[in-house]
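Please open the model in your viewer and keep the sequence beside it.

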Amino acid sequence: MTARCGITSIPQRASGASPDAYRLRAEDMKARWAVASRIEAADVRDLGQCDSGPPRERHAEPGASGSLPVGVRLLKTVLHTTVFLCLAVTAVHVALVFFHVAPPNPVSRRYNQQIDAWVYPLFEQNWRLFAPNPDSVNRQVLARTAHADPGGSMQVSPWFDLSAVDSEAIEHQAFPSHTAQNLLRRAWTAYAESHGKDDTARSERAAMLQKYMNNIASDRIAEHRGDDGRHIDFIQLRVITLPVAAPGSNAADSPPKPVENRLLPWWKVTSHGK
């Protein structure tokens with residue numbers, strides 16, 4: 001019989017022992033266990049700790065008290081607020097872009113100005129990547145400037161071909177600049193779409209595109225002259241559109257499309273610190 005922490009265990013049957021002797025020994029052990037079980041509860045609690053060593057102090061787990069430091073709570077509040085604002089802005093952005101690209105509906109008609117104010121110019125949407133619509137015309141954009149001399153007379157410069165500068169920068173270039181390829185071309189396309197034939201800006205976006213074209217033309221002429229553009233008071237654009245003939249045998253039978261020669265009004269140049 002062995003005893004450990006007040007618990008008595010019955011030994012295993014020894015080899016060669018008779019069954020009667022083993023049974024008597026087991027009954028004796030049960031009797032002793034019945035006596036030992038009457039030990040007071042306090043003694044049992046003391047004996048139950050004999051193998052565990054001296055009692056150790058319990059340390060409170062983090063967060064058990066239910067209170068966090070002020071800095072941690074403030075950080076969690078800021079983090080939750082930031083996440084909520086990001087999700088809200090994302091949801092509003094997705095909704096506005098959806099109504100912008102969706103077919104006309106009561107919501108897009110009623111809030112058209114608010115939707116356009118959010119989408120343009122940073123989030124403009126188009127499907128040219130998936131359904132490209134290449135240009136079927138050749139455009140030549142020319143510009144000339146006017147400057148008032150000290151005598152009061154207006155000096156007008158000759159026409160300067162802006163498109164020729166881009167063509168020269170692209171030709172024979174393995175990696176042409178994106179600016180030379182698309183800046184002037186896309187600026188004119190956006191201007192033509194937002195203005196009527198009378199070149200009147202009827203929206204804030206149209207006025208912005210007019211200013212955009214003005215800045216592109218005046219900056220390029222000033223760079224070509226090698227000055228800072230202080231001798232430019234007014235600028236005028238002229239756009240010549242030549243349709244490209246369709247390929248095939250039917251192209252010779254179809255009548256040639258007329259060439260469009262569009263002369264824009266004089267614009268006052270307000271860039272370069274003026």
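Which residues does Trp267 touch, not counting residues up to four places away in sequence? Select Trp267 and display its surroundings: Tyr191, Gln210, Met213, Asn214, Asp233, Phe234, Ile235 and Leu237 are in contact with Trp267, contact meaning heavy atoms within 4.5 Å.

Before continuing, note that this is a predicted model, in which local features need pLDDT of at least 70 and side-chain atom pairs count only at pLDDT 80 or more, while totals for chains, interfaces and linings use all residues. Residues are numbered from 1 along each chain as its sequence is written, and side-chain values use heavy atoms, with hydrogens and water left out.

**The nonpolar core**

Next, select Ala143, Leu162, Met213, Ile221, Ile235, Leu237 and Trp267. Of the 19 residues in the largest nonpolar core, these touch the most other members. Such a core is a set of buried Ala, Val, Leu, Ile, Met, Phe, Trp, Tyr and Cys residues joined through side-chain atoms within 4.5 Å. Buried means under 20% relative accessible area, exposed over 50%, and partly exposed in between (1.4 Å probe, protein chains only). Two or more residues of the core come from each of strand S3 (137–148), helix H7 (178–194), helix H8 (204–225) and strand S6 (234–243). Helices (H or I, at least four residues) and strands (E, at least two) are DSSP runs, numbered from the N terminus.

**Helices H7 and H8**

Now show H7 and H8 together. They pack at an angle of about 145 degrees, with their axes 9 Å apart. Axes are lines fitted to C-alpha atoms, for helices over the stretch in contact, and angles run from 0 to 180 degrees between N-to-C directions. On the H7 side the contact includes Leu183, Ala187 and Tyr191, and on the H8 side it includes Leu209, Gln210 and Met213.

**Helix H6**

Select H6 (residues 162–170), whose buried residues are Leu162, Ser163 and Asp166. They lie on the same side of H6 because they cover an arc of only 100 degrees around the axis, the arc being that of the directions from the helix axis to the C-beta atoms. These buried residues pack against S3, strand S5 (160–161), H7 and H8.

**Two loop residues**

Most residues other than glycine have a negative phi. Select His172, in the loop between H6 and H7: its phi is positive, about 60 degrees. His172 is exposed, at 76% relative accessibility. Finally, select Asp199, in the loop between H7 and H8. Asp199 also has a positive phi, near 55 degrees, but is buried, with a relative accessible area of 13%.
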